[in-house]
Structures are given as structure tokens and as C-alpha cells.
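Welcome, and take a moment to look over the model below.

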Amino acid sequence: MSDEIRKPPRVGLFVTCLVDLFRPSVGFASVKLLEDAGCNVEVPMAQTCCGQPAYNSGDRDDTVAIARNTIEAFEEFDYVVAPSGSCAGMLKKHYPALFKGDAHWETRAAAFAARVHELMSFLVDVLGMEKVDAVHEGTVTYHDSCAGLRELGIAGQPRRLLSSVSGLEMREMRDADVCCGFGGTFCVKYPDISNRIVEEKTSNIKASGAETLLAGDLGCLMNMAGKLQRQGMDVKVRHVAEVLAGMGDTPAIGKGNR
Amino acid sequence: MQITSPAFKENARTALADPQLQKALVHVRSGFIDKRVKAMDALPEFDALRDSARAIKDHTLTHLDLYLERYEEKVREAGGVVHWAETADDARSVVLEICRAAGARTVTKGKSMITEEIGLNDFLEKEGVRPVETDLGEYIIQLRGEHPSHIIAPAVHVTRDQVEADFRREHDHLRPDRDLSEPEALLGEARRVLRAEYFSADVGITGANFLVAETGSSVIVTNEGNGDLTQILPRVHVVIASIEKVVPTLEDMSQILRLLARSATGQDMSVYTTVSTGPRRPDDPDGPEEYHVILLDNGRSSMLGTEFQDMLRCIRCGACMNHCPVYHAVGGHAYGWVYPGPMGAVLTPSLAGIDKSGHLPNASTFCGRCEAVCPMHIPLPKMMRHWREREFARGLNPATQRYGLRAWALFARHPRLYRLATSLALPALSFFTARRPRFRYLPLAGGWTRNRDLPAPPSRTFMQQWREREAEKQGAHA
């Protein structure tokens, strides 16, 4: 029995489609943080995307099909962890609602959802992590991505871990909890409005005086990085996991990939 | 009013390029939000009240027919008349009949979104009855020939300088060299002008924040006292309210009232809360001789029992738009009909049709701030998504969007195909981009690259790199 308890948890990493395609280093940083915390991490190849592009476009049939695949791919794990509040929110909060009225899948989706966690929340709330062993010399500011903040309550966890990073100085920006204007397909369906919202965000980022901008969702990060770079602002943009995993010396978002 | 929601994108572009409007919108972003937080923090039971208010409204909506009948009975007992109006047209006709019977040439009006919904002012003017708005914000936009851009601050899109110019133009009987540099001077002038109107009006029209079934009362809240003068001084008082305004008891009304002003303006209470029940009784010092209530449906009963029923809990506080990044960017007029912001994005399709207002539930980042601040716990993003589902099911969204989505979904539904496609796409893209760190332009990604750079993807996906790492590990172990 005690052996059972000490057995390292088996974690299935939900990579997210954006990390897979645009920023593999976030995936590797997540793996490192999880392994350092004593987890066995596996990456099921049968995953694609959480289905939000379809879900938020009103395409319920495709969303349900994608959700079924995802649930099946991760059913064997103790935990499912995603380095994104938005995708984790989809898996945890919206999947069960998708299957309302389908007794078999509703049960499966609920059992699945109970094991899903956003990375920061998993490290702090589930594993009880209080600090990381990482160095990052410089000032950072942190943007609270909407779904992580409002659907999953992610706010204190990343800040707490960041405060343990040696050399890191936090400079909170004004309205850190206000949307960056990404909104998935919103940013290409309503580019003018999205642009105005992200302009507001980058001016707050600039005013914070921080050298590096961090957040927990790659969509928001790409949006803010893209705008900062278009404006010629020299703020480095990274996923919070990269800094916590001590991988903050690789090229920042939009500055190159390995 | 004419609906311009189909032109939402053009409206938004115009709004974004309007420096006066953008200057005015800064007030929404700052003022309302901080004041609401302060008021909420000072009331420890705020969240418990929200739960209670939701329960009151849910209960009422489940038994709406019962409470409306009880309300009608009580109004009649108090000497008032209830008129049932299924459509905007019906409601307008009833108002006109009452005005004609009263021989009315001038009607004063308290602030009322429902009269905006039925386009009452234009209608009355055409019929030779002069409506006079008495709420300062409404008065300003009436002078300007505009419509409200916010449900509690109708003239929030107008700057002080613009108001001064409007007053100088319209109040041409006053001395041109008068000092109007302070907001108080503008308020004072509007008061003096309106004072005369209150006494000349034959009919006063107000909306209602609540209708109380227990007593047959209508309740309005205002900050200027204009509503009271509107409903007490003329000979006839007409209340126009939509059917979901009814609550069972005075106690229920008081509970929800505690949420309303705090969520709206951050006040504990609005300055005036007025409960009126029937016409003047023999012993009353004042009050109207006739008291009419027009109960308007206008599509609301068709929301009952659907996924949009929760929207009928709305108490019109405006907190959702005060916290909406899209509203902050474009203001209320861009939405193109009476109700802007997140509540409008759900309500407009219900009342005016999704075929005309399809943009509204789509123009949201789903940031969830509206739901987080809604005192009635209305799941606004969820209902906007329901509208998107209905649009998708009816094939109302653009073909390019639909085909793009279906093509993407074909891959996303089939993991092997997806792996293959992504592992082929990245090296190809990486060749094409010649290892640039980001793009300023990319074919088919113009929506993104018009305003921001796009980081270049790596030459191999995470999955490819992971598989190699695992293979290496296995090799090392062997």
C-alpha cells in the first residue's frame, strides 16, 4: 500500500497545438518541471488540439469528435497536464458540458476532467511545489491569460513560483488581468478591434519597465510578442514555464527557434 | 430603431478612427471599474446576494405567467390599467392611444431602454406628439439626434466640449456669452430648461427597473430625480416595461436593488429609488390621475425554456459592457442596435434576429470578464457560443470560415493524419522562410500579420523532437 502511494504519478502531457507547432521549448520546459517534481511524463501521440477553434466557432460535431479522441488518448494517466490555461479550461470545464445527456460519455468526460490540470496549478496546488531551482537575471512582468484566470483561478501560483527564481524581479503591470485581444479566431476575424486591445496591453507592458513579459498561454504570448515586435519594442516574451525550468536563455518568442 | 449590426465591422472601424469617441471611452475603462470594486469590497455579503438574486429571478421566470397575472390584478386593484403588448408595434399603438385620449402635445420621459427598443421617440414625433427626454444623458443625445451608446450612461460617448457646443446651438434663447466651462453649469442649464417642460407635459412616460407582483408597484431608480418629476407632475403616468422585470415581492426587489447600483455606478444606492402604485389616491398630496402599465413581450417569451432563458435575469446594470475590452475599444454605437456590449451580444439576436446580428456574439474574445462581474451570474460567453452554434447550424457564417474550419477539423479529428501533415508542413515552411525569426507578412495569415508579426515556427514540431528524444533514450538504454 505504501509502495503504491510512493509510486511517481504518471502524467500525460497535453502539449497544445500551438506549442507543438510554434514553441516546442515550452513543451520541454513543462516536461522538465514535471520530472523535477517527481512525475513520470509521457506524451501520447494520439493528441492533436483541444478543439477550441471548432467549439468557439459553433461547430459542435467536430468539437465532440476531437474531445472523444482526446479523452481516449489520455484515459490511462493519473493526471493530464497542459501548459495553457485556455486548453486546460477546455478539457476540464467544457468537455463535460459537451456530453450532457450522453450518459456514457458524460461519465467518461467527468472522470477525465477531474484529472486535468493547468501546469502552474498542477505544480503548486496538486504537487505542493513552493519553489523552483532556477536563475533569471532581470525584470519580468506577468500577464494573466483570461481562461486560466477566470475558469481555473490561475493567478497566485505562477507568481509564487516566479518569486523563488533567483535574480528575478517582478514588475506588475497595470491591468495585468485584462484580455490581450487574442481570443483565438477573434484576432483574425476582427483584426482591427483585436489590434486596439493589444495596443492597450503593450502600452501597459512598456509602462511596467520590465525587460521580459511572461504568461502561461502561447496564443496570448504570440499576440503580444507580435505586437511588441511590430512596434519595435525590445521586450522579450516567454512562456512562464521556460523561466521556471531555467530555460530562459534560449531565444525568446519571435527571436528564433531551435 | 434602424439596425446597423450587419455593418458591425465597418461601424467598429469608424469608431476606432474617431478621436472624440476614443477620448470619451477612456472614462468607461477607468471610472466604473474602480468604483464597482470599492462598493463591492465594502459589502461582505455581495456574493451571497448574487446567489440569492439569481434564485429569485430563476424562480420568477419559471412561474412568469403566474407572477404577471398577480401583478396585473394588483395594479387593477390600485386603480391602474395594464396593457399587454406582444410586439413593439402594439406597445407604440397603446402609447399613442393614451396620448390621444389625454390630448397630449408634449410628453416627458424618464430614462428607459425599453422605449429605445420600440423606437418610441421617432414614432411619437411622426404622430405630432413631442417627446422630451429628462435624464441629462438622454437629453443630450436627443439634442444630438443620436441613440444611447450605453444602457446606464447613454451619452458616455460624448465629451464635455461637445455637450457645451450642443447646448449653445440648441438653447439659442440664452445669452451667448454665458459661462459653460464647468460640468455643473451644463447640468444647471439643462435643469432650468427641463423644469418648464415638466409642467407643460400632459403625459409622463417612464420605464421600470422592477415590477412588484405582491403590490402591483413599479420601481425606478435614478440619480437626478427627473424620473419622479416625470411621473408625478403630468396628469397621466405611463410605465413601459418588459415582462421579465417582474419580481414576486418588495423584499425580492430590495435584495436585487442592493446589487444594482453597486454593479452599475459603484454607488451603494442610486440617489432616488421610487416605488409607485396606481394613480393618486384622494389623500395623496400629488401624483397622476391615470396610471397605465404597458407590459411588452417583443420576443422575450420565446426565450423561456431555451438556452437563452438566463439572459432574462438581466437587470441592466451595464457592468458587462463596463468591463468588456471590445466595448472599451469601439463603444456602444458600433453594435448597431439598442443594447451594446456582452448583454447586447446575447439579447440582440434574440430580439432582432441572428441573421441581422451575427457579428455581435462573434465579436468577443471570450475573456469571461462580463460573466465574472455580472451580478445576476448570467453566463454571457456561454450564450454567445450558443448563438455561434445556431449560426453554424444554419450556415450563416462566411463560407471561407466554414470551409477553413472543416478542413482544419478533418486533420484535428485524425491524429495520424494530423501528425503527418504537421511534420511535413514545418520543414516546408521553414525552407520558405529561410530561417527568419518572424514574419511581417505571410500569405493567408493577413488577419494576423496586418497588425503584428508572426513568430516563425521551428523546423520540427514538438512531437517530432520528443519522439527523437525518446528514441535516443531507448538507444542509450539498449
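## The sheet of chain A

Val11(A) stands opposite Val41(A) in strand E2(A). Strands (E, at least two residues) and helices (H or I, at least four residues) are DSSP runs, numbered from the N terminus. Val11(A) also stands opposite Tyr79(A), which belongs to E3(A).

A word on how to read all this: this is a predicted model, in which local features need pLDDT of at least 70, side-chain atom pairs count only at pLDDT 80 or more, and totals for chains, interfaces and linings use all residues. Residues are numbered from 1 along each chain as its sequence is written, while chains are lettered from A and ligands numbered from 1 in the order in which they are written.

Now back to the sheet. Four strands of chain A make up an open sheet with parallel pairing, in the order E2-E1-E3-E4. Strand E2 (40-42) and strand E4 (116-118) of chain A are at the edges with a single partner strand each, so one side of each has no neighbour in the sheet. On average, neighbouring strands here are turned by 35 degrees against each other, direction ignored. Two strands count as paired if DSSP finds at least two bridges between them.

Strand E1 (residues 10-13) of chain A is joined to E2(A) by three bridges, and Gly12(A) has Glu42(A) as its bridge partner in E2(A). E1(A) also pairs with E3(A) in the parallel sense, over three bridges.

Two helices lie across this sheet. H3(A) lies across E1, E2 and strand E3 (79-82) of chain A, and runs at about 170 degrees to E1(A). Helix H6 (residues 85-98) of chain A lies across E3 and E4 of chain A, at about 160 degrees to E4(A). For such angles, axes are lines fitted to C-alpha atoms, for helices over the stretch in contact, and the angles run from 0 to 180 degrees between N-to-C directions.

## Parallel pairs in both chains

| Strand pair | Bridges | Sense |
|---|---|---|
| E1(A) and E2(A) | three bridges | parallel |
| E1(A) and E3(A) | three bridges | parallel |
| E2(B) and E3(B) | four bridges | parallel |
| E2(B) and E4(B) | three bridges | parallel |

In chain B, Val107(B) has Pro131(B) as its bridge partner in E3(B), and Val107(B) stands opposite Val203(B) in E4(B).

## Chain B as a whole

Chain B contains 23 helices and 12 strands. Its C-alpha atoms fill a box of roughly 100 × 60 × 45 Å along the principal axes. How many of the 478 residues of chain B count as buried? The share is 47%, where buried means that 20 or more other C-beta atoms, placed from the backbone, lie within 10 Å of the residue's own.

## Two domains in chain A

Chain A is divided into domain 1 (2-125) and domain 2 (130-244), with bounds that come from an automatic or database domain assignment. Their centres, taken over C-alpha atoms, are separated by 22 Å. Between them, 29 residues of domain 1 of chain A are in contact with 23 residues of domain 2 of chain A. Two residues are in contact if their C-beta atoms, placed from the backbone, lie within 7 Å.

## Where the chains meet

The contact between the chains takes 58 residues from chain A and 48 residues from chain B. The side of chain A that touches chain B has 28 nonpolar, 17 polar and 13 charged residues. In this grouping, Ala, Val, Leu, Ile, Met, Phe, Trp, Tyr, Cys and Pro are nonpolar, Asp, Glu, Lys and Arg are charged, and the others, Gly among them, are polar.

One helix pair spans the two chains: the axes of helix H12 (residues 191-208) of chain A and helix H1 (residues 8-16) of chain B come within 9 Å and cross at roughly 35 degrees. Asp192(A), Ile193(A) and Arg196(A) of H12(A) make the contact with Ala12(B), Arg13(B) and Leu16(B) of H1(B). Three of these residues are nonpolar, none is polar and three are charged.

## The nonpolar core

A nonpolar core is a set of buried Ala, Val, Leu, Ile, Met, Phe, Trp, Tyr and Cys residues joined through C-beta atoms within 7 Å. The largest one has 207 residues, and those with the most contacts inside it include Val81(A) and Ile294(B). Not counting residues up to four places away in sequence, Val81(A) touches several residues, among them Val11(A), Leu34(A) and Phe122(A).

Notes
A residue is buried if 20 or more other C-beta atoms lie within 10 Å of its own, exposed if 12 or fewer, and partly exposed in between; C-beta atoms are placed from the backbone.
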